[in-house]
Amino acid sequence: MDLEKHPQQPTARAEPDGIRASDADRDRIADILREAMAEGRLTADEHGERVDAVYRAKTVGELEPLVRDLPAPGGTARPTSGPYAYGPEAPAGPADNLVAVFSSSTRKGRWRVGGRTNAFSLFGSVEIDLTEALFGQRLTVINATSIFGSVEIRVPENISLRGSGTGIFGNFEVVTLESGDPEAPVVVVNGYSVFGSVEAKPKRGKFITDLQDRLRKHLGR
């Protein structure tokens, strides 16, 4: 009888796909989806569905299939010349929030637009005016929710505007725009309204014609 004791084998660690997803993991996948949307690889509906899945995911294994058919960021070369210029993107972090509860909230003038903005109105009004804004990235996603209130979004006429949403005893309207310039900013509005309104449309007579000069002056301050 062999009395030699064999060393106990170490317990196998969980497979990488089963590791719990962190906020940084989710933000990384959301950035890839945002880039794919800007390049026209995903429609507004597809982007919205995948982003919803990103923030519902519990593990890394649930995240990876969402970008399996997409190239990594920077995998597709972009033209270096053109009328549009963008500043360095802000570090990944929480979305900007505009909230109006029995009140009003307004963002307009010259301000730097983040990659994600959440607008929520409850018996109030939110106004987002992007006609003089500085875009730090090509794609900007606005998630708008209106309950017995209103969310109004205005954009320049020469950018791309897309959206997907629902009105329940209310109005959800996004006037689709497609810029002739593939490097122009892209704004995507997603959300819903309940006994309220969400409206996104171009502001007549407003164009981004001097974005590069304005950005240079802004960064040179």
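Me: Leaving aside its neighbours within four places in sequence, which residues is V189 in contact with?

Reply: Contact means heavy atoms within 4.5 Å. With those neighbours set aside, V189 is in contact with I142, A144, I153, L161, R162, G163, S164, F172, V174, V198 and A200. This is a predicted model: local features need pLDDT of at least 70, side-chain atom pairs count only at pLDDT 80 or more, and totals for chains, interfaces and linings use all residues. Residues are numbered from 1 along each chain as its sequence is written; side-chain values use heavy atoms, with hydrogens and water left out.

Me: Which residues touch the most other members of the largest nonpolar core?

Reply: A nonpolar core is a set of buried Ala, Val, Leu, Ile, Met, Phe, Trp, Tyr and Cys residues joined through side-chain atoms within 4.5 Å. Buried means under 20% relative accessible area, exposed over 50%, partly exposed in between (1.4 Å probe, protein chains only). Here the largest core has 24 residues, and I128, L130, I153, L161, V187 and V189 touch the most other members. Several elements give two or more residues, among them β1, β7 and β11. β8 gives the most, with three. A second, separate core of 14 residues includes A21, I29, L66 and V67.

Me: How many helices and strands does the chain have?

Reply: Helices (H or I, at least four residues) and strands (E, at least two) are DSSP runs, numbered from the N terminus. This chain has four helices and 12 strands.

Me: In what order do the strands of the open sheet lie?

Reply: Two strands pair if DSSP finds at least two bridges between them. The five strands here run β1-β4-β7-β11-β9, with parallel pairing.

Me: Which strands does helix α1 touch?

Reply: Axes are lines fitted to C-alpha atoms, for helices over the stretch in contact, and angles run from 0 to 180 degrees between N-to-C directions. Helix α1 (residues 23-38) packs on the sheet and touches β4, β7, β9 and β11 (186-194). Its direction makes about 105 degrees with that of β7.

Me: R26 lies in helix α1. Is R26 buried or exposed?

Reply: R26 counts as buried because its relative accessible area is 13%. Beyond neighbours within four places in sequence, R26 is in contact with A21, V54, Y55, A57, K58 and L63.

Me: What share of the chain is buried?

Reply: Buried residues make up 42% of the 221 residues.
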